[in-house]
Amino acid sequence: MTGPGDQRRGLLIGLSIAFSVLTLTTIGLGAATIALLSFSGSATAAPATPSPTPSFPPGYAATTIDGYEISAVTDLTVDAFALTVSAYDGDVSLNALMTNEDETRGAQVFFDITAYREDGSIIERGLDIVYAPPGETSIMRSSLPDLDEAVAITVEQTAIDWLAPDVTGGATVDTVTATGLGDLLEYTLTSTISVPTEYVDLFLVGSLDDEIVGVCTGFEDIPASGVSFEGHCDWENAAIADPIDVEDELPDDVEFRVYVRLDAPDE
Amino acid sequence: MSIPPTPEQHAQSVPPPLAAPPPDPASSGWGLRHPLVIALIVGCVVMLTATLVLASTALSLLRPASSAAVPTPTPTPTGDADPGAQNARGIDITTHSDLEFGQYALSDTLEGIYTYLIAPVSWSDQTSGIDVSFDITAFDAEGRILDRRPASTYLLPGHEGLFVGLFTVQLSDVARISVEQTRAKVDAPLMTGTITMTRSETLAKSEDGIRTVYVAGAFLSTLSKAPTYPDVYFAAFADGELYAFCVAYPDIPAGGEFADSCALTAVTREDRVRDDLLPDGAEFRAYLELDPLAER
């Protein structure tokens, strides 16, 4: 039989056990909390937040533009992303300036450009092929007509060919002026190309305070190095808070650089 | 002034011989007021509070910590907790599709380069057929694409099928696979009816030390038309696990019987494929794969 003394003893033992268990739990959780605190401290310090002029390490690049999460996985170095909008059809294009860091080999890179919905399903997947001569920067460009439901855009390298280079160089910008004809701009460039080349897609990228404000797309035969040439290009404003008006006059402080898309040398 | 205890009270105050240290032979109400008991109760309450506070702190820290660890180069966007996430041969596989996917299985790397990705699929819509295109992608540990290939399937209303993808990549290099639907066309079915396997047989043959297992099936077609260039996939299951498959290219009549066979390729979701492709209780199923381009 259990008397009142045994009951009290049982209570004491029970309380002692409860106290021990709770003490151990507290110590354990305390240790876990401290560990988590120090971990989350270092984890928040780690991710490289994209600076206004993002320069990404080779391999992986990510930024957010106009609410879209944009990322790239490639062996080229992504210097900058820009979303531009065509004034004619409202189509959005993703532009990415990409540098081939290899000083001896040209890089022909195949990209899949994919727009995703929030649930991770694909809206659209397109293709672009970029050739960048050794040590030079080219431009990846893909039209994304249906971004209504999109939350993310990825640029994925699906293949890369390292090639012996032939044509290198491109052009430098002398002047870019408004024409008064909508989004048409007029430019004068000076060739820096190693071999005169016909039918070259060229892209004049306009920046203001290191932010890309638009891309002007043109198509030209590029003469021998040192020779200047003229032409017209179609301006697309970047998806930024204050798009500039280029119809009558270009703001003085917009800086232009021209990027060419050369064909890959024959293998 | 103290009142001397009555003999009765005195008798009660004598501790019972076996109730050891405590001075008072107490009822349970008395025990609660004992200093040691009070101390322990207070201690328990303090520790319980501390436990709860720390537990909630730890939990709230866990969440942002796991999502803060994001900057891995995962080309799949947003942190979608994918209900279709699976694992086969130690490789994580994510799926985005209108079809329902069963358990994936992977072959070995065949001829040093080919790796099959297989899964039973189903389409529950009872009135429309579905023509689906996929990209299947194998990623390395750094999130680089090792191989991206198209795959496609067509399913008649309410039918099951076999998803068959082919990578040209070494399985050992693959860290992650994604199966992404790139296009789906839901439309009036290409035909009505179905095929039913009425009998299956197997045959094992050894040649030059290589053992090949064939599966053959006899079928009844109730299809409304003779399909153009149809495939029939055979799938072998043991204990409900898909362990081998193959594809045959029969002529299928619009109504009537036909038969065909093919040589099984081992697949698995475990670490290793089966050595024995004819285990006890093996079960064979067959799936019709129509070619929508050829039908139109």
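Two strands count as paired if DSSP finds at least two bridges between them. Helices (H or I, at least four residues) and strands (E, at least two) are DSSP runs, numbered from the N terminus. This is a predicted model, in which local features need pLDDT of at least 70 and side-chain atom pairs count only at pLDDT 80 or more, while totals for chains, interfaces and linings use all residues. Residues are numbered from 1 along each chain as its sequence is written, and chains are lettered from A and ligands numbered from 1 in the order in which they are written.

**Confidence in chain A**

- The pLDDT, which is the predictor's confidence in each residue from 0 to 100, averages 86 in chain A, and 85% of the residues score at least 70.
- Residues 38-54 of chain A are a stretch to read with care: pLDDT stays under 50 there.
- Two residues are in contact if their C-beta atoms, placed from the backbone, lie within 7 Å; for residues 38-54 of chain A the model has 18 contacts beyond four places in sequence.

- Strands β5 (residues 106-116) and β6 (residues 122-132) of chain A run antiparallel and are joined by ten bridges.
- Within this pair, A107(A) faces A132(A) of β6(A).
- Five residues lie between the strands of this hairpin, and G120(A) takes a positive phi near 90 degrees.
- D209(A), in the loop between β11 (197-208) and β12 (211-222) of chain A, has a positive phi of about 50 degrees although it is not a glycine.
- Is D209(A) buried or exposed? A residue is buried if 20 or more other C-beta atoms lie within 10 Å of its own, exposed if 12 or fewer, and partly exposed in between, with C-beta atoms placed from the backbone. D209(A) counts as exposed because it has 10 C-beta neighbours inside 10 Å.
- G67(A) sits in the loop between β1 (59-65) and β2 (68-74) of chain A, and is exposed because 9 other C-beta atoms lie within 10 Å.
- The C-alpha atoms of G67(A) and V151(A) are 7.1 Å apart, although 84 residues separate the two along the chain.

**Nonpolar cores**

- A nonpolar core is a set of buried Ala, Val, Leu, Ile, Met, Phe, Trp, Tyr and Cys residues joined through C-beta atoms within 7 Å.
- The largest one has 57 residues, and those with the most contacts inside it include M98(A), F203(A) and Y259(A).
- Its largest share, six residues, comes from β5(A).
- Apart from this core lies another, of 52 residues, among them I130(B), F139(B), V215(B) and F219(B).
- Leaving out residues up to four places away in sequence, Y259(A) touches L97(A), I139(A) and F203(A), among others.

**Chain B**

- Chain B has four helices and 16 strands, and 30% of its 296 residues count as buried.
- Five of its strands form an open sheet with mixed pairing, in the order β1-β2-β9-β6-β7.
- The edge strands of this sheet are β1 (86-88) and β7 (145-155) of chain B, each of which pairs on one side only.
- β1(B) runs antiparallel to β2 (residues 91-96) of chain B, with three bridges between them, and Q86(B) stands opposite I93(B) in β2(B).
- E111(B) lies in the loop between β4 (105-107) and β5 (114-122) of chain B; this residue is not a glycine, yet its phi is positive, near 50 degrees.
- E111(B) is exposed, with 6 other C-beta atoms within 10 Å.
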